[in-house]
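Hello,

Here is the model I promised to pass on, and my notes follow below it. Please have a look at the fold first and then read on.

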Amino acid sequence: MSFLEQLQHTQNTDIFIGIHGAGLTHTLFLPDWACLLEIYNCGDEPCYRNLAALRGVGYVTWEGSAGLTQMDELGTYKGGAYDKFVNYTVNPTEFRWLVEKAIMYVFNHPAFPSTHMHPKEEL
């Protein structure tokens, strides 16, 4: 998918979901009512929370480590161990709770258009 196509999809996204990483910079192109759901911030909570705040969109992330399972050893980068280079699984109930929190943010945002309530195209 080209960068332009990525931006076109992003501009039509109400809730942008991802794990900590450079792809979350697409937050800059979300609509005003959108919410970023960072599945796990990898111990760097201010990074994308601040980006979402600068853009003026909502932000939701995993709270604590309950329901979050590290699948392998910490990855290393330049000799140090980092949470960012590891695979994780998440508790589906906790994940659903985060999605519902993001949905409430979007639906309650004053800029959310009431005519926006239509089936979305799946990517």
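A word on terms before the sheet: two strands count as paired if DSSP finds at least two bridges between them. Helices (H or I, at least four residues) and strands (E, at least two) are DSSP runs, numbered from the N terminus. Please keep in mind that this is a predicted model, in which local features need pLDDT of at least 70 and side-chain atom pairs count only at pLDDT 80 or more, while totals for chains, interfaces and linings use all residues. Residues are numbered from 1 along each chain as its sequence is written, and side-chain values use heavy atoms, with hydrogens and water left out.

The three strands make an open sheet in the order 1-2-3, and their pairing is parallel. Strand 1 (15–18) and strand 3 (58–61) are the edge strands; each has a single partner strand, so one side of each has no neighbour in the sheet. From one strand to the next the twist averages 15 degrees (axes are lines fitted to C-alpha atoms, for helices over the stretch in contact, and angles run from 0 to 180 degrees between N-to-C directions).

Strand 2 (residues 35–38) pairs with strand 1 in the parallel sense over four bridges. Four bridges also join strand 2 to strand 3, again running parallel.

Which way do the side chains of strand 2 point? Cys-35 and Leu-37 point one way, Leu-36 and Glu-38 the other way, and all are buried. Here buried means under 20% relative accessible area, exposed means over 50%, and partly exposed is in between (1.4 Å probe, protein chains only).

**Helices on the sheet**

Helix 3 (residues 92–108) lies across strand 1, strand 2 and strand 3, and runs at about 165 degrees to strand 2.

Back to the pairing of strand 1 and strand 2, with its four bridges: helix 2 (residues 46–55) packs on the sheet, where it touches strand 2 and strand 3, and its direction makes about 160 degrees with that of strand 3. Contact means heavy atoms within 4.5 Å.

**Salt bridges**

How many salt bridges does the structure hold? There are two, with a salt bridge taken as a side-chain nitrogen of Lys or Arg within 4 Å of a carboxyl oxygen of Asp or Glu.

One of them joins Asp-32 and Arg-55, whose closest N and O atoms are 2.8 Å apart. This pair links distant parts of the chain, with Asp-32 in the loop between strand 1 and strand 2 and Arg-55 in helix 2, 23 residues apart. Asp-32 is partly exposed at 42% relative accessibility, and Arg-55 is partly exposed at 22%.

Arg-96 and Glu-100 also meet in a salt bridge through their side chains (2.8 Å, N to O). Both residues lie in helix 3, four residues apart, about one turn of the helix. Arg-96 counts as exposed, at 56% relative accessibility, whereas Glu-100 is partly exposed at 36%.

**Aromatic residues**

Rings of Phe, Tyr and Trp (its six-membered ring) pair if their centres lie within 6.5 Å; planes under 30 degrees apart count as stacked, over 60 as edge-to-face and the rest as tilted. By this rule there are two aromatic pairs.

Trp-33 and Phe-112 form an edge-to-face pair, 6.1 Å centre to centre with 80 degrees between the planes. This pair, too, links distant parts of the chain: Trp-33 is in the loop between strand 1 and strand 2, and Phe-112 is in the segment after helix 3, 79 residues apart. Trp-33 is buried at 15% relative accessibility, and Phe-112 is buried at 13%. Phe-107 and Phe-112 form a tilted pair, 5.4 Å centre to centre with 45 degrees between the planes. Phe-107 is partly exposed, at 45% relative accessibility. Trp-33, Phe-107 and Phe-112 together form one aromatic cluster.
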